[in-house]
Amino acid sequence: MLINYIEPVFRPPSEWKSLILQVTNGCSWNQCSFCDMYTQPQKAFRAQKFDKVEQDILAVARSGAPVSRIFLADGDAMSLPFARLEAICELINTHLPQVTRISSYCLPRNLNNKTPEQLARLRERGLSLLYIGCESGDDLVLDKIQKGETFESSLAALLKLRAAGMKSSVMILNGLGGIELSHQHAINSAKLMNAAQPDYLSTLVVTLPLGTERMDAVFGGKFQLPDQQGLFQEMHTLLSHLELEQTIFRSDHASNYLVLKGVLGKDKAKLLAQVELAINTPLSIPLRQEWQRGL
Ligand code: SF4
């Protein structure tokens, strides 16, 4: 292996062909009550040493591996200061000039200490796509799950990225408000997306492989994930309130029962019709079985 990683390493599904460059370890926030990704001791947050990042880039360059895309890991590499990010992008530009896209996860708060001019400079150096796990546009849901962000902070970050010429890919978590907040979660998530007009939007179903204990605590009792029909109803509410102009929409992660793909707004009616089939005649449409969800 060219690079030694601190495992586990996560990346967006669409980065499956990319070189993963671990410029940080873990997540600088690490408090979201639904997230168990970086809870193991070796994943405590820290910036990777610059020398190590440089060695990794040089090792890949020497290997001649056909790398055209790089994903900066882990959970929010954009927490690094501007100067460090710029230096990493410049190393990539110098030693891997064939790379056409650099991307990273990004928390809205990661942008607070970066000016629009700095973001534009990172864009010029190839950092062109940021994955923002907004999770919800509803402030009550965001508060309960301890995201540390709001509708307004999420929107401000998405607009700042757009102004810098960067593309944004947003994740919304179906079911995150439980049964209780399902409707407002969908409505306010749609409002956030309508205001931000992201380039990509994907929806995943919230999954809690290590149990519901933390979600139970923040929801003040038992967290009640909507059942399959409830998830479809929530998706229907979200889709019907989305007013997007040119957003690539994907709901095809392994967690989803119903696979949906299209461009919003042109495919809105088609996607809504598929969700309506899943609600009204579920036997007439292919749905993932529990064992197929690969969780
Ligand atoms: S910000 Fe992302 S990686 Fe960090 S705890 Fe929240 S969901 Fe997990």
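Residues are numbered from 1 along each chain as its sequence is written, and side-chain values use heavy atoms, with hydrogens and water left out. Because the model is predicted, local features need pLDDT of at least 70 and side-chain atom pairs count only at pLDDT 80 or more, whereas totals for chains, interfaces and linings use all residues. Helices (H or I, at least four residues) and strands (E, at least two) are DSSP runs, numbered from the N terminus.

Helix α5 covers residues 151-163 and helix α6 covers residues 182-196; the two pack at an angle of about 25°, with their axes 9 Å apart. Here, axes are lines fitted to C-alpha atoms, for helices over the stretch in contact, and angles run from 0 to 180 degrees between N-to-C directions. The two helices α5 and α6 are therefore roughly parallel to each other; angles under 35 degrees count as roughly parallel, over 145 as roughly antiparallel, 65 to 115 as roughly perpendicular and the rest as oblique. The crossing of α5 past α6 is right-handed. A crossing is left-handed if the near helix is turned anticlockwise from the far one by less than a right angle, and right-handed if clockwise. On the α5 side, the contact (heavy atoms within 4.5 Å) is made by F151, S154, L155, L158, L159 and R162, and on the α6 side by N188, K191, L192, M193, A195 and A196. Sorted by class, the contact of α5 with α6 has eight nonpolar, two polar and two charged residues. In this scheme Ala, Val, Leu, Ile, Met, Phe, Trp, Tyr, Cys and Pro count as nonpolar, Asp, Glu, Lys and Arg as charged, and the others, Gly among them, as polar.

Helix α8 comes next. It comprises the 14 residues 228-241, which at 1.5 Å a residue should span 20 Å, and its end C-alpha atoms are 20 Å apart, in agreement. The expected span of a helix is 1.5 Å times one less than its number of residues. Within α8, the residues G230, L231, F232, E234, M235, H236, T237, L238 and L239 are buried. Buried means under 20% relative accessible area, exposed over 50%, and partly exposed in between (1.4 Å probe, protein chains only). The cover over the buried residues of α8 includes strands β7 (167-174), β8 (200-205), β9 (247-251) and β10 (260-264), together with helices α6 and α9 (268-280). T237, a residue of α8, has a relative accessible area of 16% and is buried. Apart from neighbours within four places in sequence, T237 is in contact with H183, A186 and I187.

The packing of α8 against α9 has an angle of about 160°, with the axes 9 Å apart. Helices α8 and α9 are therefore roughly antiparallel to each other, and their crossing is left-handed. From α8, the residues Q229, F232, Q233, M235, H236, L239 and S240 make the contact, and from α9, K268, L271, L272, V275, E276, A278 and I279. The residues of the contact of α8 with α9 divide into eight nonpolar, four polar and two charged.

Two residues in other helices also deserve a look. F82 is found in helix α2 (residues 82-95) and, at 11% relative accessibility, counts as buried. Not counting residues up to four places away in sequence, F82 touches K114, Q118, R121 and L122. V218 is placed in helix α7 (residues 213-218), where, leaving aside neighbours within four places in sequence, V218 is in contact with S33, K144 and Q146.

Finally, the backbone itself. A cis peptide bond joins E7 and P8, with omega about -5°; P8 lies in the segment before β1 (19-22). Another cis peptide bond runs from L264 to G265, with omega near 5°, and G265 sits in the loop between β10 and α9. Although not a glycine, E135 has a positive phi of about 70°. E135 belongs to strand β6 (residues 127-135) and is buried, with a relative accessible area of 8%. Q146, likewise not a glycine, has a positive phi of about 60°. The loop between α4 (139-144) and α5 holds Q146, which at 36% relative accessibility counts as partly exposed.
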